[in-house]
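Thanks for coming. I will go through one structure, and I will keep to charges and contacts.

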Amino acid sequence: RVQQLEDENTDLKTTVSRLKSQSEKLDEERQRMSDKLEDTSLRLQDEMDLYKKMMDKLRQNRHQFQKERDATTELIEDLRRELEHLQVFKLECERSGRVRIPSTGLSEYNAKTKESELEQEIKRLKQENQKLRDQNDDLNGQILSLSLYEAKNLFSTQTKAQSLAAEID
């Protein structure tokens, strides 16, 4: 009977030692996972800060784009009005049968010069507008890519933490 109890005692000591070793390993693994989770949380915070900065930049670009679009629209409207005035003037001149005088030639030259300048300005604004649209598309793509990347990392980290928790339980 004593021998049996001594054997059981030895078995229990071995089991306790093995369980302590497993417990220490699990504690170490839990600590590693906690550290990794903290690192991931910090990275996520950094990425969120970057995301906010990119969103601010996107808002600024959109605001600038809208301002330029409004300015272009106003310029086009001014050009349209000026063209209408010139067409009316031309019709009046043709109806009245006026003979062209040098001042009319100068006026016409000035109008054509201004028209050419305005056309160049419109062309420049359209190019700038396209450039801003491209930048906007690039920023939207970066934001989407960044969001997907962080979501994937967060999901991956949560899955590992959950499986560790299940092992510990």
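**Salt bridges along the helices**

Arginine 80 and glutamate 84 are four residues apart in helix α1, so about one helical turn separates them. Keep in mind that what you see is a predicted model.

What joins the side chains of arginine 80 and glutamate 84? They meet in a salt bridge, at 2.3 Å from N to O. Now for the accessibility of the two partners.

Glutamate 77 has a relative accessible area of 30%, so it is partly exposed.

These pairs belong to a wider arrangement. Which residues are linked in the network of salt bridges? They are Glu77, Asp78, Arg80, Arg81 and Glu84.

Let us move to helix α2. There, arginine 124 and glutamate 121 are three residues apart, about one turn of the helix. They form a salt bridge, and the closest N and O atoms are 2.7 Å apart. Arginine 124 is partly exposed, since its relative accessible area is 39%. Glutamate 121 is partly exposed as well, with 29%. How many salt bridges does the count come to? The count is eight.

Glu6, Asp7, Glu8 and Asp11 make up a negative surface patch. One of these residues, aspartate 11, has its place in helix α1, which covers residues 2-96.

Last, a residue of another kind. Leucine 132 is found in helix α2, which runs over residues 102-168. Is leucine 132 buried or exposed? Its relative accessibility is 11%, so leucine 132 counts as buried, because buried means under 20%.

What is leucine 132 in contact with, once neighbours within four places in sequence are left aside? The contacts are Gln64, Phe65 and Glu68. For a distance you can check on the screen, take leucine 132 and arginine 62: they are 70 residues apart along the chain, and their C-alpha atoms are separated by 8.2 Å.

That is the end of my part.

Conventions: Residues numbered from 1 in each chain as written. Predicted model: local features only at pLDDT ≥ 70, side-chain atom pairs only at ≥ 80, totals over all residues. Heavy atoms only, no water. Helix = DSSP H or I, 4+ residues; strand = E, 2+ residues; numbered from the N terminus. Buried < 20%, exposed > 50% of the residue type's maximum accessible area, 1.4 Å probe, protein only. Contact = heavy atoms within 4.5 Å. Patch = residues over 30% accessible without salt bridge, like charges linked within 9 Å, V, L, I, M, F, W, Y side chains within 5 Å. Areas by Shrake-Rupley, 256 points an atom, 1.4 Å probe, with all protein chains shown as cover. Salt bridge = Lys/Arg side-chain N within 4 Å of Asp/Glu carboxyl O. Lys, Arg positive; Asp, Glu negative; His and termini not counted. Charge placed at Lys NZ, Arg CZ, Asp CG, Glu CD.
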